[in-house]
Amino acid sequence: MNTIERSYPPRDGLRLWRLRQVTAFKCSRCGEGKLSRLIASDKSEAHLYCNGCYGELVSEQNLVRWPIEVRDEGFGVVDGATSDRRE
Ligand SMILES: [Zn+2]
């Protein structure tokens with residue numbers, strides 16, 4: 001059973017969670033299978049998004065920069081374009 005280690009404040013209907021364990025899921029935006037501790041969702045939780053798409057979605061909406069220091073500790077997340085984006 002996965003547990004939520006930290007939840008981040010919603011940004012324009014998108015929520016982001018950091019889980020205690022790496023979890024496999026399919027991103028509803030890019031359609032890729034992901035393996036990560038960071039999972040975002042929309043308000044209804046009907047769609048899950050990877051951390052990369054979350055960063056793009058919030059920046060597309062002219063909200064603040066990717067606010068979280070992303071470190072997935074070598075579990076093979078390949079969103080290199082967004083993982084360096086931090087405060
Ligand atoms: Zn994605």
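This report describes the fold of a predicted protein model, from its overall layout to its sheet, its core and its confidence values.

**Basis of the description**

Residues are numbered from 1 along each chain as its sequence is written. In this predicted model, local features need pLDDT of at least 70, side-chain atom pairs count only at pLDDT 80 or more, and totals for chains, interfaces and linings use all residues.

**Overall layout**

The protein contains two helices and four strands. Both kinds of element are DSSP runs numbered from the N terminus: helices are H or I runs of at least four residues, and strands are E runs of at least two. Read from the N terminus, the order of elements is β-β-β-β-α-α. Of the 87 residues, 22% count as buried; a residue is buried if 20 or more other C-beta atoms lie within 10 Å of its own, exposed if 12 or fewer, and partly exposed in between, with C-beta atoms placed from the backbone. Two residues are in contact if their C-beta atoms, placed from the backbone, lie within 7 Å. Among contacts between residues at least 6 apart in sequence, 36% join residues at least 24 apart.

The four strands form an open sheet in the order 1-2-3-4, with antiparallel pairing. Strand 1 and strand 4 stand at the edges with a single partner strand each, so one side of each has no neighbour in the sheet. Two strands are said to pair if DSSP finds at least two bridges between them. In general, strands of a sheet pair through backbone hydrogen bonds, either parallel or antiparallel. The pairs are listed below.

| Strand pair | Sense | Bridges | Residues opposite each other |
| Strand 2 and strand 3 (residues 33-41) | antiparallel | eight | Thr23 and Ser36 |
| Strand 3 and strand 4 (48-49) | antiparallel | two | Ser41 and Leu48 |

Strand 1 and strand 2 form a hairpin with two residues between the strands, where Asp12 takes a positive phi near 50°. The hairpin of strand 2 and strand 3 has six residues between them, and Gly31 in its turn has a positive phi of about 75°.

**Leu14 and its surroundings**

Leu14 is found in strand 2. Leu14 is partly exposed because 19 other C-beta atoms lie within 10 Å. Leaving aside residues up to four places away in sequence, Leu14 touches Ala40, Asp42, Tyr54, Leu57 and Val58. The C-alpha atoms of Leu14 and Tyr49 are separated by 9.2 Å, although the two residues are 35 residues apart along the chain.

**The nonpolar core**

A nonpolar core is a set of buried Ala, Val, Leu, Ile, Met, Phe, Trp, Tyr and Cys residues joined through C-beta atoms within 7 Å. The largest one has nine residues: Leu16, Cys27, Leu38, Ile39, Ala40, Tyr49, Cys50, Cys53 and Tyr54. Strand 3 and helix 1 (51-60) are the elements that give two or more residues to this core. Strand 3 gives the most, with three residues.

**Confidence**

The pLDDT, which is the predictor's confidence in each residue from 0 to 100, averages 78 over the protein, and 68% of the residues score at least 70. Over residues 74-78 the pLDDT is below 50, and this stretch has eight contacts in the model beyond near neighbours in sequence. Residues 83-87 also stay under 50, with eight contacts beyond four places in sequence. Where pLDDT is low, the predicted coordinates should not be read in detail.
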